[in-house]
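Me: I have a chain open here and would like to talk through how it is put together. Could you start with the core and then go through the helices?

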Amino acid sequence: LLYALFYAHLPRRFWFLAAAVLPALLIREENVGQSVTLRVLLAVAGVGFLGCGLEILRVCRVAIRRKQPGAWSIALGFASFIVCQVLAQKLLPALAQRSPALAPLGQWFRDYSIYLGAALFVGCMSVHLAREFARTNRALRQRTEELTRSNQAIEAAKAEIETKNRGLAEA
């Protein structure tokens, strides 16, 4: 998705990352058991997922440096997704141990943090896409007005030429 927003075509590293993550999509957790091969494939997939996260950070950083439209909103959405995960996995469980009153909040947040992070990311992406849609709509309206003026000028020139041709034909 990020490549589609910020790149004209898919870079080669995409295919390497896709190949590394593919085993995680094909292997079920209950089948792993004692199989060394499946454990190795899951380890490769884990490295692939880590590589995907780092690649997302790199793509966002490059897009921000190039001042591409929407780079900040996409980076903010991805950062909010990561923050939700870190809070759910690390911070809130530690706080719940210190204060039992926070335990239900921590459990709720741990259960729903993936959805909250995804919703924040999708929200940021929606803001970016809405702005792009509005920008494209304005550009199309402007080009339509320019084409209308150009067509009117052509029609006026055409009428003038026809008038001159009639005048020459009569003479």
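Reply: The largest nonpolar core has 10 residues, namely Leu 2, Tyr 3, Phe 6, Val 59, Cys 60, Ala 63, Ala 71, Ile 74, Ala 75 and Met 125; a nonpolar core here is a set of buried Ala, Val, Leu, Ile, Met, Phe, Trp, Tyr and Cys residues joined through side-chain atoms within 4.5 Å. At least two residues of this core come from each of α1 (2-6), α4 and α5 (71-98).

Me: What kind of model is this, and what are the ground rules?

Reply: This is a predicted model, in which local features need pLDDT of at least 70 and side-chain atom pairs count only at pLDDT 80 or more, while totals for chains, interfaces and linings use all residues. Residues are numbered from 1 along each chain as its sequence is written, and side-chain values use heavy atoms, with hydrogens and water left out.

Me: What is the radius of gyration of the chain?

Reply: The chain has 28 Å, whereas a compact globule of 171 residues would have a radius of gyration near 16 Å; the radius is taken over C-alpha atoms, and the globule rule is 2.2 Å times the number of residues to the power 0.38. Along its principal axes the C-alpha trace spans about 100 × 45 × 30 Å, and buried residues make up 23% of the 171 residues. Buried means under 20% relative accessible area, exposed over 50%, and partly exposed in between (1.4 Å probe, protein chains only).

Me: Back to α4, why does its end-to-end distance agree with a helix?

Reply: Because its 30 residues (36-65) should span 44 Å at 1.5 Å a residue, and the end C-alpha atoms are 43 Å apart; the expected span is 1.5 Å times one less than the number of residues. Its buried residues are Ala 45, Gly 48, Gly 51, Glu 55, Val 59, Cys 60, Val 62 and Ala 63. Leaving aside neighbours within four places in sequence, Ala 63 is in contact with Phe 6, Gln 68 and Ala 71, contact meaning heavy atoms within 4.5 Å.

Me: And where is the kink in α2?

Reply: A kink of about 30° lies at Ala 20, shortly before the proline Pro 23, the bend being the angle between axes fitted to the seven residues ending at a residue and the seven starting there. In α2, Leu 17, Ala 20, Val 21 and Pro 23 are buried, and what covers the buried residues of this helix includes α4.

Me: Last one: is His 128 buried or exposed?

Reply: His 128, which lies in helix α6, counts as buried because its relative accessibility is 6%. Not counting residues up to four places away in sequence, His 128 touches Leu 5, Pro 69, Gly 70, Ser 73 and Ile 74. Ala 103, also placed in α6, counts as partly exposed at 32% relative accessibility.

Key: Helices (H or I, at least four residues) and strands (E, at least two) are DSSP runs, numbered from the N terminus.
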